[in-house]
Amino acid sequence: MLNFAYQEHHKSYYFDTRNLNLQFPRLSSPQSCDVCIIGAGFQGLSTALELAERGKKVIVLEGARVGFGASGRSGGQAINGFEEGIDEYIEQVGFEKAKKLWEMSLEAIDIIDERVKKYGIQCNWKKGYATLALNSRRMDDLVAMEKASRETFGYQNMQLWDKSQLQQHVGSDIYVGGLFDSNSGHLHPLNYCLGLAKACEQLGVTIFEHSPVTDIQIKSDTQAVVFAEGFAVSCENVVLATNAYIDALSKRITFGIEKKILPVESFIIATEPLSQAMADSLINNGMSVCDNNIFLDYYRLSADNRLLFGSDSSTNVDMIAKMRSEMLAVFPQLETAKIDYGWAGPIDMTLNATPHFGRVKPNVYFAQGFSGHGVALTGLAGRIIAEAIEGNDERLAIFEGLKVPSIPGGRLGKKLALKIGMLYYRFLDKYR
C-alpha cells in the first residue's frame with residue numbers, strides 16, 4: 001500500500017518557485033552506513049544533517065522525492081512552543097522538565113536561524129507570527145497564554161494586541177484582538193527542505209529517492225538491515241521519519257507507532273500576485289497569521305505578494321472554492337483576486353496534539369506527531385535523536401515521558417476517529 005512511492009512533487013506554488021532542482025538516484029546496490037534514515041522531509045534531513053555534522057556516515061531513503069510530503073507543501077509557519085498548553089506539560093512531566101521542553105521549543109526556532117545562515121539556505125525566512133481571536137472567550141485564551149509564557153518561563157517576545165492595535169497590521173474586521181510573537185516566523189518550506197538536502201549532500205550524506213522501504217530486520221542492539229528496491233542497507237541505527245505517511249508502510253517497518261498518528265488533510269490556496277498597496281492592506285508587517293480555532297485558518301504573504309491561505313480540515317467539497325470562501329470571509333477586498341494555485345497534503349496529528357518522539361528498539365528511533373509545529377520542531381527532533389545515537393539520551397527521555405494516546409482499530413479506527421473528531425471540534429469552534 002505504498003501509495004506515495006515513486007511519485008513526483010505535487011503541483012503547488014512552492015514547487016513552481018523552488019530555487020533548487022535536486023534529484024537523487026534510486027538505491028541500486030547494497031550499502032552500509034552508521035545510520036539509515038527513512039524519509040527525506042524536514043525531520044529525516046534534519047537528523048541526517050545533525051549526524052553528518054558529528055561525523056556519522058548516513059544514508060537517507062525516500063520513497064518519493066525530497067520534500068514530497070508536508071515538508072514541501074505546508075503553510076511554512078515556524079512556531080515556538082507546542083500545541084498543548086503549558087499547564088498540560090507541567091502536569092505530565094513536572095515543572096523542571098516542562099521548562100526544558102519550552103526551552104527546546106525556542107531552540108527549534110534558533111536551529112532554523114543557524115541553518116539558514118550556516119548553509120546559505122534561500123527560503124524567505126522571516127520573523128513575526130500572530131495568533132488572532134474571533135471572540136472575547138478566545139481572546140481570554142491568548143491572554144492566558146501570554147501570561148503563562150511570561151510568568152512561568154520568562155518569555156518576553158509576545159505582545160497582546162487589542163482590536164485597534166491589530167487593525168494597524170491586519171486588514172480584517174472579524175477579529176477582536178491577537179497575540180504577536182516576534183520570535184516565531186515563516187519560510188518557503190520546499191526551498192528550506194531542498195536547502196537541507198543540499199547541505200546534507202555537501203557533508204557526505206547519501207540520499208536515495210524513489211526507494212521505498214519494504215522491510216527492516218533488527219539483528220542486535222547495534223546492527224540492523226533496511227531493505228528497499230530489493231537491496232539491503234546495513235547499519236547500526238535506524239531512524240523512522242515517515243510522519244503522516246506511516247499508515248502506508250508495512251507493520252514490519254512501523255513497530256506499532258502508527259497507532260499514535262492521525263493524518264489530517266490541510267489545504268492551501270495561493271492568489272495571483274497582488275499589488276503592493278493591496279498586499280499592505282492585508283498584512284503590512286510581513287508576519288504570518290492564524291486564528292485560534294481548533295480547525296484554524298492560517299495565512300501569510302509570499303515573497304511575490306501572493307496571499308497563501310490555508311485551513312486544517314477534511315472535506316469532500318471543492319477545496320479551492322471552500323478555501324476561497326474562507327479567505328473572503330477574512331478579506332472581502334480580495335473578491336476579484338484570481339486563485340492561481342490550490343493543493344493539499346496530510347499532516348501528522350496525535351489525539352492530544354503532543355509530539356511523539358522515542359525508540360521502538362535500542363537502535364531504532366522515531367519522531368512524529370508534530371501537530372502543525374513541524375517546520376521548527378523537526379529540527380529539534382533531529383538534534384535530540386542525533387544526541388541519543390551518540391549516547392546522550394537525556395533530552396529524548398523527556399519526550400519519551402509524554403503521554404500520547406493510541407488510536408484503536410487500525411486504519412478503520414482512524415477514519416472513524418477523524419469523522420467523529422471533525423464533528424466534535426467543529427461544534428467546539430462554533431460555540432466556544
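This is a predicted model: local features need pLDDT of at least 70, side-chain atom pairs count only at pLDDT 80 or more; totals for chains, interfaces and linings use all residues.

Trainee: Noted. How do β12 and β19 pair, parallel or antiparallel?
Mentor: Parallel, with 3 bridges between β12 (residues 237-240) and β19 (residues 364-368). Another pair to look at is Val238, which sits opposite Val364 in β19.

Trainee: And what about β2 and β12, how many bridges join them?
Mentor: There are 4, and those two strands run parallel as well. On that side, Ile37 has Val239 of β12 as its bridge partner.

Trainee: Which way do the β12 side chains point?
Mentor: Asn237 and Val239 go one way, while Val238 and Leu240 go the other. All of them are buried.

Trainee: What does the whole sheet look like, then? What's the strand order?
Mentor: The order is β8-β3-β2-β12-β19-β18, an open sheet of 6 strands with mixed pairing. At the edges you find β8 (206-208) and β18 (356-361), each with a single partner strand, so one side of each has no neighbour in the sheet. On average, neighbouring strands are turned by 20 degrees against each other, if you ignore direction.

Trainee: Remind me, what holds strands together in a sheet?
Mentor: Backbone hydrogen bonds, in either a parallel or an antiparallel arrangement.

Trainee: OK, which strands does α2 lie across?
Mentor: It lies across β2 (35-38), β3 (58-61), β8, β12 and β19. Relative to β2, α2 runs at about 165 degrees.

Trainee: Where does α11 come in? At what angle do α2 and α11 cross?
Mentor: Roughly 40 degrees, with the axes of α2 (residues 42-53) and α11 (residues 374-389) coming within 8 Å. That makes α2 oblique to α11. The crossing of these two helices is right-handed.

Trainee: Which residues make that contact?
Mentor: From α2 you have Phe42, Gln43, Ser46, Thr47, Glu50 and Leu51. The α11 side includes Gly374, Val375, Thr378, Gly379 and Arg383, among others.

Trainee: How do the residues of that contact divide by type?
Mentor: Into 7 nonpolar, 7 polar and 2 charged.

Trainee: Now the other helix pair. At what angle do α3 and α4 pack?
Mentor: About 130 degrees for α3 (residues 86-93) and α4 (residues 95-119), with the axes 7 Å apart. They are therefore oblique to each other, and their crossing is right-handed.

Trainee: What is that contact made of?
Mentor: Ile86, Tyr89, Ile90 and Val93 from α3, against Phe95, Lys97, Ala98, Leu101 and Trp102 from α4. By type, the contact has 8 nonpolar residues, no polar ones and 1 charged.

Trainee: Switching topic: how many residues of β7 are buried?
Mentor: 9 of the 10 in β7 (residues 177-186), so the strand is largely enclosed by the rest of the structure.

Trainee: What does β7 pair with? Start with β5: how many bridges?
Mentor: With β5 (residues 126-133) there are 7 bridges, in the antiparallel sense. Lys127 stands opposite Gly185 of β7.

Trainee: And β6 and β4?
Mentor: β6 (residues 158-162) is joined to β7 by 5 bridges and runs antiparallel to it, with Leu160 opposite Leu179. β4 (residues 77-78) is also antiparallel to β7, over 2 bridges. In that pairing, Ala78 faces Gly185 in β7.

Trainee: Now some loops. Where is Thr350, and is it buried or exposed?
Mentor: Thr350 is in the loop between β17 (339-349) and β18. It is buried, because its relative accessible area is 5% and the cut-off for buried is under 20%. Leaving out residues up to four places away in sequence, Thr350 touches Lys260, Ile261, His356, Gly369, Ser371 and Val404.

Methods:
Residues are numbered from 1 along each chain as its sequence is written. Side-chain values use heavy atoms; hydrogens and water are left out. Axes are lines fitted to C-alpha atoms, for helices over the stretch in contact, and angles run from 0 to 180 degrees between N-to-C directions. Angles under 35 degrees count as roughly parallel, over 145 as roughly antiparallel, 65 to 115 as roughly perpendicular and the rest as oblique. A crossing is left-handed if the near helix is turned anticlockwise from the far one by less than a right angle, and right-handed if clockwise. Contact means heavy atoms within 4.5 Å. Ala, Val, Leu, Ile, Met, Phe, Trp, Tyr, Cys and Pro count as nonpolar, Asp, Glu, Lys and Arg as charged, and the others, Gly among them, as polar. Two strands pair if DSSP finds at least two bridges between them. Buried means under 20% relative accessible area, exposed over 50%, partly exposed in between (1.4 Å probe, protein chains only).
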